Structures are given as C-alpha cells and as structure tokens.
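Colleague: I would like to learn how to read domain and helix contacts. Please take me through them.
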Amino acid sequence: MTVSEEVMQRLEAVSFPTPPAVVVRLVQLLSKDNVTAGEIADTMALDASMATRVLQLANSVALGAGSQVDSIPEAVLRVGVEGVRDIVFSLAMVGAMRPAHFDYRPFWRHSLAVAFTAQSLQSRAQHLSSPFPETYTAGLLHDIGMLVLDRALGAQYCDVLAAARTTARPLSEIEHEMLGTDHTLAGGRMLEIWHFPDLLVDAVRHHHKPWVTGHVVTRLVHLADFICNRQGIHHGSGHFPQSCAARIWDELGIDESELPGIVASVQTDLARAEAVLATA
Ligand SMILES: [Fe+2]
Ligand SMILES: [Fe+2]
C-alpha cells in the first residue's frame with residue numbers, strides 16, 4: 001500500500017467531530033436572504049455562555065469604540081445582525097475545534113484574520129453585484145482540513161508541519177509529498193460529511209487553486225489567505241508568498257495597487273481576530 005493510499009484509508013476511518021448545534025443552526029441561517037435578530041437570539045440560546053461572550057466581544061475596542069453595550073439588541077445595533085451571527089459562529093468554532101498536536105492559537109488567528117480580510121476584500125471588489133453572506137464563514141473554515149489531518153494522523157502530522165516550517169514552503173506542497181493528499185481535500189470532505197452548503201465546501205477545497213472553480217467566494221478566500229500569509233499571519237508554517245495570480249485580482253475587480261491600503265486594514269482585522277481568540 002502506498003503512503004497516499006494508507007493516509008486516505010485513515011482519513012476515511014477518522015471519526016469526525018459533530019459540529020456544535022449553534023454552528024449547524026447558523027449554517028442553515030446563512031443561506032437565508034435576511035437573517036433576523038430574533039433568529040440569532042434563538043440560536044444563541046443553544047449555548048448558555050454565548051450571550052455573555054458576544055457582549056464581551058461587542059464591547060471590545062476591536063469591534064469599534066463607543067458606549068457600553070449591555071444587551072444583544074444593542075450589540076446588533078452596533079455590529080449588525082450579520083456581525084453578531086459571525087461572532088457567534090467564530091466563538092463556537094474556536095471553542096469546539098482544537099487541534100490535539102499543534103498550537104490552536106496561530107491556527108485560529110490565521111483563520112479569523114482570513115475571514116475578516118475576505119470580508120473587507122468583498123467590499124472592495126468591483127465585479128460583485130451583491131455581497132455573499134457566506135464569505136466570512138468560508139474564510140474562517142478554509143484551513144479546517146488541518147484539524148482533520150491532525151485528528152487522523154496524530155503525531156505524524158506534526159512531522160509534516162515541522163517540515164513546512166523548516167523549509168518555509170507552502171504547507172500543501174509538503175502535505176502532498178509526505179501524505180499524498182492535503183488539508184484542502186481533507187477539509188472539503190469534512191464539510192461534505194457535515195452537510196455544509198456546496199459554496200463552503202468549494203471554498204475550502206479550492207482555496208489554493210481558485211481558478212479550477214467558478215465561485216467568487218473561493219477567489220476572495222484565496223486572495224485573503226495570500227495577503228495574510230504575506231503579512232506573516234500564517235498558521236505557523238513560516239511561508240511568506242510574494243505574489244498571487246494577476247487574474248484573481250482582475251476577476252474580482254480589485255486593483256493590485258490597492259494592496260498597501262488592504263494590508264493596512266489587515267492590521268485592524270488581526271486585532272479583531274485577537275479579540276475573538278481572547279474571548280472564545
Ligand atoms: Fe490552506
Ligand atoms: Fe490559510
């Protein structure tokens with residue numbers, strides 16, 4: 001049996017964790033055109049400590065200075081229903097999904113920063129008629145396959161991460177060399193098993209090669225991932241890519257000359273990521 005066959009067999013045999021009930025409900029709400037504050041409040045009721053943590057986060061400097069927020073309706077006024085939805089989703093995922101063999105902090109810091117950056121890029125994209133509500137979630141989940149590989153392979157996956165760190169090469173290249181598969185395929189498979197929408201599966205599976213698929217959210221996540229990695233906000237791999245395919249900028253309708261401005265806003269995104277991480 002080849003290494004790749006053996007790894008695939010172990011991936012198929014891995015028992016995927018069940019997503020938290022809050023996450024399942026929020027994913028269902030994602031496909032709705034207009035989420036209401038009442039629906040978000042009902043969802044939060046699935047997790048006893050959620051409302052407290054959402055308020056804590058809504059009051060953090062990272063989400064905008066202002067007067068003290070004392071209730072969920074006030075939090076909705078400050079960051080919007082979608083903003084509260086994304087906060088709840090982030091807190092639930094960061095709390096529930098922790099790797100066993102590597103540090104969760106750089107992993108989730110990178111994932112959160114990519115989520116916020118993908119959202120900022122969406123607001124800059126000229127070739128987008130209306131924003132996709134799934135963009136933040138897609139960014140947050142894009143590298144979730146690393147958690148699947150951690151679960152399936154245990155300490156063997158640490159060797160892969162160490163090799164990526166010492167060579168400063170893209171993690172997926174090393175994964176293919178050592179395992180015959182990579183975290184994009186493992187993550188896509190997990191979201192399929194979780195019955196997440198195709199758009200999210202697509203973004204996770206193709207975030208390194210967005211040109212093989214047609215979806216704009218996948219392109220936004222790819223570009224956000226590139227920008228965060230370039231700024232050193234990576235999941236510990238030590239990879240700092242210097243360029244991203246010109247066609248991705250063109251297809252989204254974002255001028256590459258905007259990069260310095262985007263990079264400046266990534267610092268704000270990073271502060272938001274840190275605030276979520278501190279609250280989760
Ligand atoms: Fe990735
Ligand atoms: Fe990434």
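Modeller: Start with contact: two residues are in contact if their C-beta atoms, placed from the backbone, lie within 7 Å. This is a predicted model: local features need pLDDT of at least 70, side-chain atom pairs count only at pLDDT 80 or more, and totals for chains, interfaces and linings use all residues. Residues are numbered from 1 along each chain as its sequence is written.

Colleague: Which domains does the assignment give?

Modeller: Domain bounds come from an automatic or database domain assignment. Here that gives domain 1 (3–15 + 99–279) and domain 2 (18–96). Their C-alpha centres lie 23 Å apart.

Colleague: How many residues of domain 1 are in contact with domain 2?

Modeller: 16 residues of domain 1 contact 17 residues of domain 2. Helices are DSSP runs (H or I, at least four residues), numbered from the N terminus. On the domain 1 side, α6 (104–124), α7 (135–141) and α15 (259–279) each supply at least two residues. The largest share, six residues, comes from α15. Ala, Val, Leu, Ile, Met, Phe, Trp, Tyr, Cys and Pro count as nonpolar, Asp, Glu, Lys and Arg as charged, and the others, Gly among them, as polar. That side of domain 1 has 12 nonpolar, two polar and two charged residues.

Colleague: At what angle do α8 and α11 pack?

Modeller: Axes are lines fitted to C-alpha atoms, over the stretch in contact for helices; angles run from 0 to 180 degrees between N-to-C directions. For α8 (residues 145–153) and α11 (residues 183–193), the angle is about 95°, with axes 7 Å apart. So α8 is roughly perpendicular to α11 (65 to 115 degrees).

Colleague: Which residues meet there?

Modeller: G145, M146, V148 and L149 of α8 meet H183, T184, L185, A186, G187 and M190 of α11. The residues of this contact divide into six nonpolar, four polar and no charged.

Key. Chains are lettered from A and ligands numbered from 1 in the order in which they are written. Angles under 35 degrees count as roughly parallel, over 145 as roughly antiparallel, 65 to 115 as roughly perpendicular and the rest as oblique.
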